[in-house]
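Here are a few notes to read alongside the model. Have a look at the structure first, then come back to the points below.

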Amino acid sequence: MTRGKMTQEKMTQEKMTRAEKVGAAGQLPQHDIFMHAALEAARRGMLAGEPPVGACLVTGGEIIATLSNAVIGELDITAHAEMRVIREACGQLRRLDLSECTLYVTVEPCLMCLTACHYAGITDVIYGAAIADMNAITGNELGGSPGTSLSDPMSLKLEGGCLAAECRALIASWSGGRQVD
Ligand SMILES: [Zn+2]
């Protein structure tokens, strides 16, 4: 892992590297460990006023990047958590091919993020809450499930439902009871 400025996110990455060893001892399923890292990022993002989505990019059992959505803070509509971890990983690894990586994200990726996965060669995507859960609040999400016409040409393996209850609860607490009809 690159040792740079000790940002909150990097500190979390280090913490999760230690947690991985717990996973190796068989106490926690690996998917849950990485989704917990994504959830932690999502919570931090929400506290900073962002939509509560976090992503964690993993290769060879090691976390490369864990980041939250940052569209508001960065005034960048493309700063979804998935886009940010992909950018961060390309920068850290100095390459565009992330085909060995698995993406963990608290909410099912939108089509923009799935497309970024496609170009980065990421085929394994594990998510928590469905994009429909987010759409129920924002009314503005583009669905990205396999089987939709736009994601058909991509060879992605999407697996949903990882820590889904926690991921959904975060969206619910963010929404404050607000729901789109
Ligand atoms: Zn997205």
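**Notes on H3 and its neighbours**

1. Start with H3: its 13 residues reach 18 Å from the first C-alpha to the last, close to the 18 Å expected at 1.5 Å a residue (the expected span is 1.5 Å times one less than the number of residues). Helices here are DSSP runs of H or I with at least four residues, strands are E runs of at least two, and both are numbered from the N terminus.

2. Bear in mind that this is a predicted model, where local features need pLDDT of at least 70, side-chain atom pairs count only at pLDDT 80 or more, and totals for chains, interfaces and linings use all residues. Residues are numbered from 1 along each chain as its sequence is written.

3. Which residues of H3 are buried? They are Ala 81, Glu 82, Met 83, Arg 84, Val 85, Ile 86 and Ala 89 (buried means 20 or more other C-beta atoms within 10 Å of the residue's own, with C-beta atoms placed from the backbone). These buried residues pack against H2 (30-47), H4 and strands S1 (54-59), S2 (62-68) and S3 (101-107) (contact means C-beta atoms, placed from the backbone, within 7 Å).

4. Just past the end of H3, look at Arg 94, which takes a positive phi of about 55°.

5. Now for the partner helix: the axes of H3 (residues 81-93) and H4 (residues 111-120) come within 9 Å and cross at roughly 20°. The two are therefore roughly parallel (angles under 35 degrees count as such). Glu 82, Met 83 and Ile 86 of H3 meet Cys 113, Ala 116 and Ala 120 of H4.

Note on methods
Axes fitted to C-alpha atoms, helices over the stretch in contact; angles between N-to-C directions. Parallel < 35°, antiparallel > 145°, perpendicular 65-115°, else oblique. Contact = placed C-beta atoms within 7 Å. Buried ≥ 20, exposed ≤ 12 C-beta atoms within 10 Å, placed from the backbone.
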